[in-house]
Amino acid sequence: MATVSINNIARAIYESSAGKDGKDLDIVIKKAVFLISSKHMMSKSNEILSQLEKISDKREETTRAIISSKMPLNKKITDEIEDFIKKRYRAKKVILEYKIDEKLLGGIKIEVGDEIIDTTLKNKIRKLQNHLITS
């Protein structure tokens, strides 16, 4: 018998809901909520949803990224970022979340999973400073 874990519940929900819609999907969701409740795991619902999102993204070759910048980015730049992420992570689909960070001097920061691509002005100045100190 499989262990009832966050990952196992998320995988079971994903597999049992694949290709379903309407009433069939409603039934799967009701059963999932009942299972989570009966196992006293309602407090873990956000973690289950997060894991379900990861499973879905992986199977559908979707990559999620958080883009931080000082000001809103224009369409050309966001399209370039999306193309870059698609190529780098071999994704069919990219979901971008934008954050305005007034603390940034300029440039952008891209977060994909555990990786951070930091092209901010502050980071470039820090790298230059380190280079000058070590040279």
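Reader: Which elements do the buried residues of H3 pack against?

Author: This is a predicted model, so read every value below as computed from it. The buried residues of H3 pack against helix H1 (6-17), H2 and S1. In H3 those buried residues are Ile 48, Leu 52, Ile 55, Ser 56 and Asp 57.

Reader: How many residues does H3 have, and what should they span at 1.5 Å a residue?

Author: A helix can be checked by comparing its expected span with the distance between its ends. H3 has 15 residues, which should span 21 Å, and its end C-alpha atoms are 21 Å apart, so the two agree. Just after H3, Glu 61 takes a positive phi of about 50°.

Reader: Is Leu 49 buried or exposed?

Author: Relative accessible area settles that, and over 50% counts as exposed. Leu 49 has 53%, so Leu 49 is exposed. This residue lies in helix H3.

Reader: What about Ser 68, buried or exposed?

Author: The cut-off for buried is under 20%. Ser 68 has a relative accessible area of 5%, so Ser 68 is buried. Ser 68 is found in strand S1 (residues 62-69). Leaving aside neighbours within four places in sequence, Ser 68 is in contact with Lys 99, Leu 104, Gly 107, Ile 108, Lys 109 and Glu 111.

Reader: Which residues form the largest nonpolar core?

Author: To read a core, list its members, then see which elements supply them. The largest nonpolar core has 11 residues: Ala 65, Ile 67, Ile 81, Ile 85, Ala 91, Val 94, Leu 96, Ile 108, Ile 110, Val 112 and Ile 117. At least two residues of this core come from each of S1, helix H4 (75-89), strand S2 (93-100) and strand S3 (108-112). S3 gives the most, with three residues.

Reader: What is Ile 67 in contact with?

Author: Leaving aside neighbours within four places in sequence, Ile 67 is in contact with Leu 73, Ile 81, Leu 96, Glu 97, Tyr 98, Lys 99, Lys 109 and Ile 110. There is also a second, separate core of 10 residues, which includes Ala 10, Ile 36, Ile 48 and Leu 52.

Reader: How much space lies in the largest pocket, and which residues lie nearest its centre?

Author: Rolling a probe the size of a water molecule over the atoms shows where empty space is left. In this model, about 360 Å³ of space lies in the largest pocket. Its lining has 15 residues, and Asp 57, Arg 64, Ala 65, Val 112 and Gly 113 lie nearest the centre. Helix H3 (45-59), S1, S2 and S3 each supply at least two lining residues. S1 gives the most, with five. By class, the lining of the largest pocket divides into five nonpolar, four polar and six charged residues.

Reader: Which residues line the second largest pocket?

Author: That lining is made up of Asp 101, Lys 103, Leu 104, Leu 105, Lys 109, Asp 118, Thr 120, Lys 122 and Asn 123. The second largest pocket has a volume of about 170 Å³. Its lining has two nonpolar, two polar and five charged residues.

Conventions
Residues numbered from 1 in each chain as written. Predicted model: local features only at pLDDT ≥ 70, side-chain atom pairs only at ≥ 80, totals over all residues. Heavy atoms only, no water. Helix = DSSP H or I, 4+ residues; strand = E, 2+ residues; numbered from the N terminus. Buried < 20%, exposed > 50% of the residue type's maximum accessible area, 1.4 Å probe, protein only. Contact = heavy atoms within 4.5 Å. Core = buried A, V, L, I, M, F, W, Y, C linked by side-chain atoms within 4.5 Å. 1 Å grid on protein atoms, 1.4 Å probe; cavity = no way out; pocket = protein on both sides within 12 Å on 5 of 7 lines; lining within 4 Å. Points joined across faces, edges and corners; volume = space filled by probe spheres on them. Nonpolar A, V, L, I, M, F, W, Y, C, P; charged D, E, K, R; others polar. Expected span 1.5 Å × (residues − 1).
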